[in-house]
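Thanks, everyone. Let me walk you through one structure today. Have a look at it first, and then we start right in on a strand pair.

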Amino acid sequence: MSYLQKHPGITRSRVNNFVNDNQWKDVNIQAVLYDLKVGGKPHVQLEVWSAPGQSRPPFAHAVKQEFKTAKVGQMFGPSWTTHWFRVTVKIPEQFEGKPVQFLFDSNSEAMVWSADGEPIMGLTGGGGGERHVDYALTPCATASEPTRMFYVEVACNGLFGNGDYHQHPQDRDIYYRLSSAELAAPNLSAWALYHDLEVIVEMAGRLPQDSPRAWQALTAANDIVNAFEHTDPSSVDRARTVADQFFAVESSSASHQVYAIGNCHIDTAWLWPYAETRRKTARSWSTQLQLMDQYPEYRFAASQAQQFAWLQQDYPTLFQRIQAKAQSGQF
């Protein structure tokens, strides 16, 4: 196998187009990331209550209000307002035997709450590498799944406030579109390939360009694209074999061993009000607890004492869960 590519720039462009959600999404890896998707009634029912002004009411207050029917495509705003969604889902029979997620994209930040008021995880809508819109409902659906009800607290702001802070002050009149609210069965093998390819592509682009490993990464990425055919489910496993072979290459015994520890860098005061910092902390750290439950080897670190104090005040049960993870050595 030759590690050199005759036209490396073209190869990088080809690989990036294979991964990205773009005009080729019907034939690239995006086409196989989900086996099934359904939305709308009777599978998904949406209701919403919009808090007055820029208030950020707690769960106990919000769920007692009068909710109105909502639908995908609606706009919510303006900037810094809060909108509580009551979501009722019924997983259909055709999802039997498959993992099921709820995909909710408000193109803004949001938090999933259980029906009894426990903060579950944060969501980040829109595009880009920070996108995280999936809430896992079950790892394996049965033929007769119960009806589920939960809440989503939508904050009308992005990760970096409202508007492009490089260009102008924070825009106070932005509205956010609810792009999706649907049930989905992810293809776990395809997602594993997607994440493997993310790492390989990053290695190809960020390692020294004259290094053998960078060339190997670019070749592996190109071979993965060659192995894949969106109409052939078995091609995903063939492509994953290429990734496995690439990752199986061991470095020399003199190489450094590096460990990655998770961290959420949350500015206590930057592009949003203090009140939003308090919610950002809960959204971020509840998500980390989800990851710790899913991956026991995962470790996370956070050091802002003021944010822990706010969390204890505003989200006492979440704070207690963090204490438990600190005792177990994960947080």
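A110 stands opposite L123 in strand 8. Keep in mind that this is a predicted model. Strand 7, residues 109-113, is joined to strand 8, residues 119-124, by five bridges. The two strands run antiparallel. They form a hairpin, with five residues between them. Look at the turn. G117 sits there, with a positive phi of about 95°.

Now, is strand 8 mostly covered or mostly open? It is mostly covered. Six of its six residues are buried.

Let's step out to the whole sheet. Six strands form an open sheet, and the order is 3-2-5-10-7-8. The pairing is antiparallel. In general, strands of a sheet pair through backbone hydrogen bonds, parallel or antiparallel. Which strands sit at the edges here? Strand 3, residues 68-69, and strand 8. Each of these pairs on one side only. So strand 8 is an edge strand, yet its six residues are buried.

Strand 5 covers residues 82-89, and strand 10 covers 148-155. Eight bridges join them, and they run antiparallel. Which residue in strand 10 is the bridge partner of R86? That is Y151.

What lies across these strands? Helix 6, residues 274-294.

Next, one lysine. K325 is placed in helix 8, residues 316-328. Buried or exposed? K325 has a relative accessible area of 16%, and the cut-off for buried is under 20%, so K325 is buried. What does K325 touch, leaving aside residues up to four places away in sequence? The list is L289, M292, D293, Q330 and F331.

Last topic: a helix pair. Two packed helices are described by the angle and the distance between their axes. Helix 1, residues 8-19, packs against helix 3, residues 188-206. The angle is about 155°, and the axes are 11 Å apart. Angles over 145 degrees count as roughly antiparallel, so that is the label for helix 1 and helix 3. Helix 1 passes helix 3 in a left-handed crossing.

Which residues meet? From helix 1, R12, V15, N16, F18 and V19. From helix 3, Y194, L197, V201 and A204. By class, that contact has seven nonpolar residues, one polar and one charged.

Definitions and conventions. Residues numbered from 1 in each chain as written. Predicted model: local features only at pLDDT ≥ 70, side-chain atom pairs only at ≥ 80, totals over all residues. Heavy atoms only, no water. Axes fitted to C-alpha atoms, helices over the stretch in contact; angles between N-to-C directions. Helix = DSSP H or I, 4+ residues; strand = E, 2+ residues; numbered from the N terminus. Parallel < 35°, antiparallel > 145°, perpendicular 65-115°, else oblique. Left-handed = near helix turned anticlockwise from the far one by under 90°. Contact = heavy atoms within 4.5 Å. Nonpolar A, V, L, I, M, F, W, Y, C, P; charged D, E, K, R; others polar. Pairing = 2+ DSSP bridges. Buried < 20%, exposed > 50% of the residue type's maximum accessible area, 1.4 Å probe, protein only.
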